[in-house]
Structure formats: structure tokens, C-alpha cells
Amino acid sequence: MKDWQTVFQNAVLGQKLSISRILTWIERGRDPSDLIQKIYQLDPSIYTIAITGPGGAGKSSLISHLAHPLAQGHYLGIIAMDPRSERTGGSFLGDRIRLSDKVNHPRIFYRSFAPLGTPFAGFLTAKMMARALGAFGFGCVMIETPGAGQSEWDMERLADTTVLVLTPECGDEIQMMKRGLVEWADIFVINKADRPGIKNLESALQRELQDRPHSSAWKPPILLATAQNGTGAEELLEAIEKHHQHLKISGALEKNRETHKHLECMLWALSITWNRVNKAMPQGPLNNPYLEAKQILKEILHERER
Amino acid sequence: MVQGRLPRNERTQLPEGLRMVEENLNSIKILLAKVGLDGHDRGIKVIARALRDAGMDVLYTGIKQTAESIVEAALEEGVDAIGISILSGAHMTLFPQIMRLMRRKGLDLLLIGGGIIPPQDIQALEKSGVNKLWGPDTPTREIIDYLKEKIPGDKKTS
């Protein structure tokens with residue numbers, strides 16, 4: 001097997017198999033002091049769009065209509081994440097099938113994955129894959145994520161532009177559901193807009209948007225779509241482009257990316273600690289979990305740095 | 001070396017941040033596809049679920065797949081194995097086509113399949129490089145055991 005530097009060089013030169021290998025190493029693991037550090041050193045820039053929302057909202061369908069237009073003039077990556085079953089350890093990567101014809105395009109690279117590892121693995125894996133694609137000359141990447149947006153390390157936090165896809169049925173639950181996302185998504189899409197309940201959802205969203213700080217110059221649009229037949233895709237593309245321009249002009253693009261890096265740093269630290277704690281965890285009954293925890297931390301902090 | 005798989009002795013080099021508890025490392029990633037003009041995919045879906053329940057990452061690319069689309073998807077997804085379900089009888093052309101494309105694109109991974117394939121054809125195809133073919137009604141346990149045996153540290157010789 002070629003050493004990873006050669007594979008990386010070939011990937012930079014555009015060789016598809018090498019691009020695939022690097023992404024696989026990120027997806028399934030490779031020494032961070034080499035590959036991942038190399039990626040950070042290069043500090044590649046890639047415009048990242050997160051498409052998120054509840055299951056069945058039509059994310060894959062929308063992505064299928066955005067793919068070709070976004071691949072005009074540059075290379076487009078699409079990363080689709082599906083959850084891993086805790087019970088079985090397996091996953092069903094079911095997003096690709098919804099796009100099959102659309103991703104058969106010389107400038108589109110589509111990768112599905114399920115996070116493997118710590119609770120932070122989804123975020124870190126997707127982010128590193130996106131950065132790697134940037135290093136290989138890709139101009140844009142769409143990341144399809146099962147929307148939650150409620151913890152700081154949810155995948156939506158890693159994008160430049162976040163699109164939240166909802167359906168009219170979400171109207172009643174909007175206050176309770178996915179508060180995080182509603183609070184800071186950049187663009188809202190009400191998909192399956194041929195169904196009843198749109199007005200309800202629109203008003204609920206408007207109310208949420210009013211709570212946002214007025215200082216923010218970006219007014220998140222609420223778009224309607226019927227992704228099944230492509231209706232609304234053009235408007236969504238325009239909105240994404242508008243947001244991209246806004247980010248560049250306002251300086252928010254760079255500012256947000258700095259915040260992402262801080263988040264990544266925290267997650268790497270937590271990830272490494274998680275694994276070490278896991279390893280040091282005693283078997284058998286615990287008398288005092290709190291004291292035990294402090295003991296474990298003491299032990300791992302005294303470990304020699306590997 | 002099967003692409004994407006890390007042999008056991010490389011496991012300790014897995015990035016600290018991404019590593020999971022030992023047993024679940026290196027989950028097997030497999031692409032399943034159904035070839036042929038018919039749309040009967042209940043069988044392959046049963047297998048897909050069984051493989052997922054056995055801890056694998058399963059990518060089902062759907063019915064009416066072509067050799068080209070299957071191999072291209074396998075390339076992009078970095079899978080450890082391709083599993084083909086074929087009921088239409090075109091296996092003697094299809095599998096060689098897939099193997100040709102795999103060679104051309106530099107892919108080195110397990111190629112398995114099943115469906116309506118007569119035993120003498122199974123023999124011929126396995127001789128020409130297909131890793132394993134099964135007849136209809138093969139228990140999923142057999143497929144799972146085969147994959148788990150072949151993939152960690154497996155060195156494909158073709």
C-alpha cells in the first residue's frame with residue numbers, strides 16, 4: 001500500500017481513487033499526527049452548506065436538484081451522514097439511493113458515512129472530509145445531516161450556510177422541536193408545500209425569527225418547495241448564493257470559520273479524553289462514580305503524552 | 001490489501017479522537033445493488049437489514065443498476081465489498097464487466113453476489129475472480145460470516 005503522502009499528493013492532483021482513499025482514512029481512522037494535521041496545515045477553504053431537517057422532510061430530494069447547478073464551474077462534494085445504531089453497531093446509508101442519477105457527474109463526489117466513535121465523531125469526520133475536499137480543489141460541499149441542532153457539536157454548526165428543511169406538518173411542534181436549529185438556521189425551506197398547514201408553520205417560524213437579534217443583517221428567508229418535482233430549487237439556490245455574498249461582504253465568513261475552529265479544538269480534546277476515560281473505566285460495580293471519575297482523570301492526566 | 005480496511009496491527013494507529021471501543025472498530029462497509037430490469041428487491045433488502053444488524057455499514061444503491069454505476073459508487077464510497085443481487089440471468093456478462101471496470105479504476109475489494117445463478121456458472125465465475133457467489137435462499141448468517149472472515153486483514157490476490 002502506498003504511503004499516505006503519495007496518496008495525498010495524487011488526490012491533490014485530482015485522482016479519484018486517491019481522493020476516495022483519503023476520505024476513507026478519515027472516515028475509518030488514520031493517525032491524526034499525520035493526515036489530519038497535514039489538512040489543518042494546508043488550511044483549505046471550501047464553501048460548506050449544511051442541509052438539515054427531520055427525517056422525511058425531503059433533504060435528499062432537494063439536494064438532487066441543487067447538485068448540478070452547484071457543480072457548474074467547480075467541483076462539488078456531497079457528504080451524507082446517517083446515524084449508527086447503538087444496539088447493533090451497524091448503519092443503513094440510505095441517502096445516496098435517492099439521488100442515484102443526479103450524482104453521476106464528473107465534477108460531483110458523493111460520500112455517505114455513519115459516525116464511528118465518540119459522540120463528536122460525526123462532526124469531526126464530516127468537517128475533516130470537507131476540509132480534505134477543499135485541499136483537493138473542491139469549491140463547495142453540501143452536507144446532509146439528520147437534523148437536531150440542539151447540542152453545540154451537532155453537524156449543522158460546521159457549515160457556512162445552514163438550510164433547515166421542514167414540512168407543513170411541523171407547524172404545531174415548532175416551538176418544541178429542534179429549538180437550536182430554528183434559532184440559527186440561515187435559510188428555511190418548507191418542503192412538500194402542496195400539503196395543508198403551510199400558513200401555520202410560516203407564522204410559527206416568523207414568530208421565532210422575530211426573537212432573533214435585530215442587529216443581524218441577514219434576514220432568513222422562508223421558502224416554499226416541492227422537491228419531488230424540483231419546484232423551489234431555483235429560489236433556494238438564489239438564497240444560498242445571497243447568503244454566501246452576505247457572509248463575504250460582512251466579514252462573517254471568516255469570523256464564523258474561526259468559531260468553527262474553536263469548536264473543533266474543543267471536540268478533539270473531548271474526543272481524546274473520552275477514549276482515554278473509556279479505556280481507564282473500571283469494570284464491576286462502582287461505589288462512588290464522582291470520586292471514581294476524579295481518580296480516572298488523575299490517572300489519564302499523568303499518562304505520558306503519546 | 002482490501003481498500004479502506006486497516007489490518008489489525010494498524011489499529012493502534014487509529015486517531016485517538018475517532019476511535020471507538022475496540023470491538024466495533026473497522027465496521028465493514030458494503031455496497032449492495034440489484035441488477036436487471038425487474039424490480040424485485042425484497043430479497044436484497046432482507047440481506048441489507050441482516051448485514052446492518054450484524055454491525056455493518058450498508059449502502060443499497062437500488063434496482064436496475066448498471067455495472068458502471070455500481071463500480072463508480074463503490075469507488076466514491078470507499079466500500080470493502082460489493083454485493084450484487086441478480087435474478088435476470090445476465091450474470092455471465094455482468095460480473096466480468098464489473099471486474100473489468102474495477103481493474104480499470106484501480107479498485108481492489110471483495111466482489112460477492114447471489115440470486116438465480118446455476119452452480120456451474122458459480123464455479124466458472126468464482127474461478128475467473130468473483131470472490132463468492134451464492135444460490136437463492138442462502139441463509140444471511142452465511143454471508144455475514146463470510147464477510148467477517150474475509151475482510152479484516154484480508155489480502156485479495158486477484
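1. Basis. This is a predicted model, in which local features need pLDDT of at least 70, side-chain atom pairs count only at pLDDT 80 or more, and totals for chains, interfaces and linings use all residues. Residues are numbered from 1 along each chain as its sequence is written, chains are lettered from A and ligands numbered from 1 in the order in which they are written, and side-chain values use heavy atoms, with hydrogens and water left out.

2. Aromatic pairs. Five aromatic pairs are counted over all chains. The rule takes rings of Phe, Tyr and Trp (its six-membered ring) with centres within 6.5 Å; planes under 30 degrees apart are stacked, over 60 edge-to-face, the rest tilted. W4(A) and F8(A) are edge-to-face, because their ring centres are 6.1 Å apart and their planes stand at 85°. Both residues belong to helix α1 (residues 4-12) of chain A, four residues apart, about one turn of the helix.

3. The link to F136(A). The rings of F8(A) and F136(A) have centres 5.3 Å apart and planes at 65°, so this pair is edge-to-face. It links distant parts of the chain, 128 residues apart: F8(A) is in helix α1, and F136(A) is in the loop between α5 (121-135) and β5 (138-146) of chain A. Helices (H or I, at least four residues) and strands (E, at least two) are DSSP runs, numbered from the N terminus.

4. Burial. W4(A) and F8(A) are both buried, a term for under 20% relative accessible area, with exposed over 50% and partly exposed in between (1.4 Å probe, protein chains only). F8(A) has 2% relative accessibility, and F136(A), at 7%, also counts as buried.

5. Sheet. Chain A has an open sheet of seven strands with parallel pairing, in the order β4-β2-β5-β1-β6-β7-β8. Its edge strands, β4 (108-113) and β8 (222-224), each pair on one side only. Two strands pair if DSSP finds at least two bridges between them. Strands β1 (residues 47-53) and β6 (residues 161-166) of chain A run parallel and are joined by four bridges; I51(A) has V163(A) in β6(A) as its bridge partner.

6. Confidence. The predictor gives the complex an ipTM of 0.89 and a pTM of 0.90. Chain B averages a pLDDT (the predictor's confidence in each residue, from 0 to 100) of 83, and 80% of its residues score at least 70. Over residues 1-14 of chain B the pLDDT is below 50, and over residues 19-24 of chain B it stays under 50. Where pLDDT is low, the predicted coordinates should not be read in detail.

Note on methods
Contact means heavy atoms within 4.5 Å.
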